[in-house]
Amino acid sequence: MERFLSRCAEYIFEKHAGELHEICLIFPNRRSGVFFNSYLQTQLSEPVIGPQVTTINQLISGYSNLQQGEKLRLVSILYDIFKKHTQTEESFDDFYFWGEVLLSDFNDIDHYLVNARDLFTNVANLKELETLFDYLTPEQKKALERFWGSMAGTSPKAHHEKFVSIWEKLYPVYADFKKYLQEQGMAYGGMVYRQVVERFGEQEPKFEFKKYYIIGLNALNRCEKVFFETLKKQQDKAVFLWDYDTFYLNDVKNEAGRFIRDNLRQFPPPEDFNLNISHFSKKKNIRLVAVSSNYGQAQEIPRFLEEIGSDLINKFDNTAVVLADESLLFPVLGAIPEGFETVNVTMGYPVKNAVVYGFLLLLVNILKNLRRSEEGHPVVYHRFVTDVLNHQMLRNIEPEKNARFLADLKANNRISVYLKEINFSPLHKLIFSPPERVGDYSRYFLKILGRFYDLLKDTEPENQLLPELIYSIYQSIEKLDAVVSDVLQTQNRKISDAVYFRLFSQYVGQVSVAFEGEPLSGMQVMGVLETRCLDFENLIILGLNENKWPRTFTAPSFIPYNIRKGFGLPGIDEQDAMYAYYFYRLVQRARNVSATYSTLKEGISTGELSRFGYQLRYDSGFNVKNTTLDFPFSNEPATPVLVPGSLEKTTVLLENNSAKNPLSPTAMNTWLQCSLRFYFRYVLQLPEPDEMKDEIDSPVFGSIFHETIENLYKPLLGKTVNREDLEKIKKDKVLIENEIRKAIGKYYFRQREPGEKNVKLEGKTILFFENIKTFLQRLIDIDMEQAPFQLVSLEGNYQTALDVNVNGKTVPVYIGGKIDRVDKINDTLRILDYKTGNVESFSFKEVEELFEKDREKPKKEILQALVYCLIYKENTKETGHLQPAIYSLRRLFEDNFSPEIKWDKNMFSFDEMEAEFKEQLQDLVAEIFSSDSRFYQTPHEKLCGYCPYNKICQRY
Ligand code: SF4
C-alpha cells in the first residue's frame, strides 16, 4: 500500500537529495512530521541533516513581533474599551462571558481578513449593498440582504434598535482594542496572522529556505492563503502536496472535497507529483458495528484484531484505533488483548476524565457553596464534605478518623459541617481550610496538588500516570494563577467566583496529557485530529456517532449567521466539511475498516450513526457489513422471594413477645400488607438503613409533632382542660417555639440532650418549624372548641395478653402500643391518634374488612385505633364508652373537621363491636404466629418503593 507521506518523502528526496537541510516542510501537526521523517529515512543511505519540519501556525507566528496574550487579560482590556464606547453599566462578570464571544469573533475577522468597518455597518438602506460591498460575490450580498432585510421587519422595534446600537459601536471597539494591543506588543491569534500578511504588502518578506513544501493541509483561512500566495510568487518557493481521492473530489455534493477543490485550483501540485487518487475504486472490507453501550465499543478491538490476524499489526503504520470519543481511551487500553505488547497512544488524554480532576471539582463545589458562621468559620452543606471525604484520592488517608467522622455526621444528622473540625491529617487540614479570596484559589489548589504529588511520586512505575496527571494539572493552574494575579493587580479588576471557575474549567478542564511513547512502533491509538496525513491498512474507529464525528458544537458568535456567510466567515458548514475530509481521507487507503457507534441515547448523544457512516453504507458502492455487538444482559424477571413457614420462626416470634415488647398494630398492618416485609423486620429483625436526612421526612415530622404536643399538654394531664388553659398555651409563642426546637433537636439532629438554644434552624428546617407551629395552633383551636374535657392520658403505653391458638395450643400473646392521647368529653372516652401522614379512610363497613390480607388500600389507621381501644379497655378495665378517633393533620383545616371513626357511616362505641373485633384479632395473631404461614411478597409493587428491603426483593 502506498501511503501519502511515504510518497511525499520519495518525491522530495528525488528533488532535494543533497540539500534536504535547505527545505522547510509544513504539516498540519507534529505527528505527521514524525511519520514523514521515518519514511524519508528509508530513502537515505547515510546520515544527513534533515529538512526543517514545522506547522503553519509556527511558521506564520515566526514573522510577527507580537506576543499572544492570555484570554483573561485580553477580555479584561476589551471590557475597558467596550465600556468606554458603550457607557455600559455591565459589570466585568456579566461582560466576561460575551467578551469571550466577541474576542473569538474578532479572531475570525482577522483570520479571514474581513473589512471590520464594513462588517459592523448598519445597512439601513438595502440599495446601498451594491455600492458599499462591491467586492463581495452575489451570493454573499444575498446573504447580507437576507439578514438586513429581515432585521428591518423585526418586531418589536426595540429589539432592532438595541441590536443596531451595539452593532454600530463594535467597529470603534475593534479598532481601539487592536490599537491598544499593538502598543502593548500584544495580540490574539487572528491579529498575529493579519499583521504578518498585511505587512507583506508593505515590505517584501524574507523566506530563508530554498523551498517550502505544504503537505496534507486542507481548510485554509484567508491569511494562510495570502501567505502561501506570497510564498508562491517569490521565486516559486512554495510546493503544494495535497492528499485526496477522486471519489469525493469529483462529487461536488460531497463536502469532504470542498476545500481540496479550491486548493487544487488556487495552489496546484507539481505535475510530476504522481499520487494514486482513486483508492475508493479498490476493494475494502468495511463493517459498521452498532453497540448498545458507549464503553462496550472497545470490545470490538479484540474481535477485529483476531479476524485480521496480521503479524504486521506491530508495524507502526499498519493498524490504528481511532477514537472519535476520547473518553473511550481507558476502556480501549483495557480491551487490547494480552500479549499485545506494543501499543502506542498518540493522543492526549483529557485531564477532565481523570480522577484527580474530579476531586478538584468537588473542592470547587465546596468553594462555591461555602458560608461563614456568625463567628466567621467556614461552614458547608454535609454532602459537599462527604463527597470529598469519600473520594478515592482522600479516603485512604487516616481512614479510621475519616470513618468515625462520617459516622458521627450520620448519627447526629448534621446537615451543615464546620470545616475546621476536619483536621485528621495535614492534608485534611489544608483541604478544609479554603481561602476566602478569589485571588488565593489557585494557590489553594496548587498546595493540595503539591501534597498529592509528594505522596504519589514514588509509586510503582506502572502507576505513574496519576502523578503525571497531577503534574499537568499543576502546571495549568500555575498558568491560571499568573493570569489571574496579573489581571487582579495590574488592572485592579475584581474577579468573581463565576468567572474564576469558568477560567478554571477552560485552563484545567481542556488540558490533555500527552502520552510519551515511541510513535514509530506498535499499534497506534489516536484521536481524530492526530490522523491527519497518516494512512493505515487496518482501522478501528470507535465512536462514529453523529455528535462525535462530525462534532456538532460550534463556537458561539455575536455575528449573525447570514452576515458571517456574507463576509465569508466560517460556520457549522465549514466545520462539517473539515470533519468529512478527515473521515474520507483516513478511510481512502485502508483495506479493513471496522467502525463502531453507540446506540445508547444519553445526554446529548442521540445514539445515531454518524452521517459519514450512512454515506459509506449507501453511497460508497462498497458492500458495507452491518453488525451489532451485544452483551448478554439478563432480562429475566427477578425470582419471587418466598419464605416457607417453620417452627423456628414461631419460636422466634414467641420468644420475642412480652409485655415490654408486645405485638404492635404497626406489625399487624405490616403482616397484612406484605408478610415478607414482616419477616425481614420482625423475624429476622433486619435493621432498616440509617440514612442522613436532608429533609424532615414524614416519620420524623410525626415524632416532632407528637413530642411537642405532649410537652405542651403535659401540665394539664389528669385535669379538666378549659378553653382558657388552651388559650394561654396558644398565646405563649416562646413556649411553643422552644418545644418545637427541642423536638427538632431530639428527632432530627439526634441530640442526646436537646435544648432550644443549641438547635440552629436553617433552610428547609425553618419551613418545617413554621409548618409544625401552624398545625399546633390549629389543633389547639380545635381543642378549644371541644373544651372543657378531661385529659386522661398522653403517650401512654398499654398492652394486654390475648389468648391465641398457635399451632393447636393456646398461648398468651401480648399486643400493645403507645396511645397518643385519651380524653374524656362528657361520658365518652376518646382514644385519639395523631396522624401526620395520609389517612386512607375514616370509615369501614364490616369488621372483617379491617383484617383482609393484601388489600391495595388497607384501612390500617382504623385497625390501629381499634386495637388501641381494646388494649386500653383491657389494660385499665374501663367500663365506659370508648370512641376511636384520628386527628389527621391533613384534615385539620377542613371546615367540618371531625376526628371520629365511623362504622357503616355512623358514630359508634367500641363495646358495640368489641367481641367480634377481638375474635378476628385473635385469628390474625394466630395466623402470624403459626408455623404454617408463609412469608411472600406483596402483590402491590407500589408499596415496595419505600420499603427498606426492596434491594433484597429486587423490586425498585
Ligand atoms: S420490597 Fe415489596 S415485596 Fe419486598 S418486602 Fe418490601 S414490600 Fe414486601
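How far apart do the C-alpha centres of domain 1 and domain 4 lie? In this predicted model, the separation between these two centres is 46 Å. The domain assignment divides the chain into five parts, given here with their bounds: domain 1 (4-63 + 206-266), domain 2 (67-195), domain 3 (283-347 + 535-629), domain 4 (353-514) and domain 5 (643-753 + 760-946).

An open sheet of 4 strands, paired in parallel, has the order β2-β1-β5-β6. Its edges are formed by β2 (52-55) and β6 (238-241); each has a single partner strand, so one side of each is left without a neighbour in the sheet. From one strand to the next, the twist averages 25°. Within this sheet, β1 (residues 23-27) and β5 (residues 211-215) run parallel and are joined by 4 bridges. Ile-23 stands opposite Lys-211 of β5. Helix α2 (residues 30-41) packs on the sheet, where it touches β1 and β2. The direction of α2 makes about 130° with that of β1.

Strand β11 (residues 371-372) is joined to β12 (residues 378-381) by 2 bridges, and the two run antiparallel. Arg-371 has Val-379 of β12 as its bridge partner. Together, β11 and β12 form a hairpin with 5 residues between the strands. In the turn, Gly-376 has a positive phi of about 90°. Strand β12 is also joined to β13 (residues 416-418), by 3 bridges and again in antiparallel fashion. Here the bridge partner of Tyr-381 is Ser-416 in β13.

A further open sheet comprises 5 strands in the order β20-β21-β22-β23-β25, and its pairing is mixed. The strands at its edges are β20 (720-721) and β25 (881-888), each of which pairs on one side only. Strand β23 (residues 828-835) runs parallel to β25, with 8 bridges joining the two. One of the residues involved is Leu-832, whose bridge partner in β25 is Ala-885.

Helix α27 (residues 665-673) and helix α33 (residues 860-876) form a crossing pair: their axes come within 9 Å and cross at roughly 145°. The crossing of α27 and α33 is right-handed. On the α27 side the contact consists of Pro-665, Met-668 and Asn-669, which meet Lys-860, Leu-863, Gln-864 and Val-867 in α33. By class, the residues of this contact divide into 4 nonpolar, 2 polar and 1 charged.

The ligand is surrounded by 13 residues. Those closest to the ligand are Cys-674, Gln-937, Cys-944, Cys-947 and Cys-953. The shell as a whole has 8 nonpolar, 3 polar and 2 charged residues.

Several loops hold particular backbone geometries. A cis peptide bond joins Trp-549 and Pro-550, with omega of about 10°. Pro-550 is placed in the loop between β16 (538-542) and α23 (561-566). The peptide bond from Ala-787 to Pro-788 is also cis, and its omega is near 5°. Pro-788 lies in the loop between α32 (764-786) and β21 (789-806); strand β21 is a member of the sheet with mixed pairing. A positive phi of about 50° is found at Leu-113, although this residue is not a glycine. Leu-113 is located in the loop between α5 (92-111) and α6 (116-119).

Notes
Residues numbered from 1 in each chain as written. Predicted model: local features only at pLDDT ≥ 70, side-chain atom pairs only at ≥ 80, totals over all residues. Domains from an automatic or database assignment. Near = placed C-beta within 6 Å. Nonpolar A, V, L, I, M, F, W, Y, C, P; charged D, E, K, R; others polar. Axes fitted to C-alpha atoms, helices over the stretch in contact; angles between N-to-C directions. Left-handed = near helix turned anticlockwise from the far one by under 90°. Contact = placed C-beta atoms within 7 Å. Pairing = 2+ DSSP bridges.
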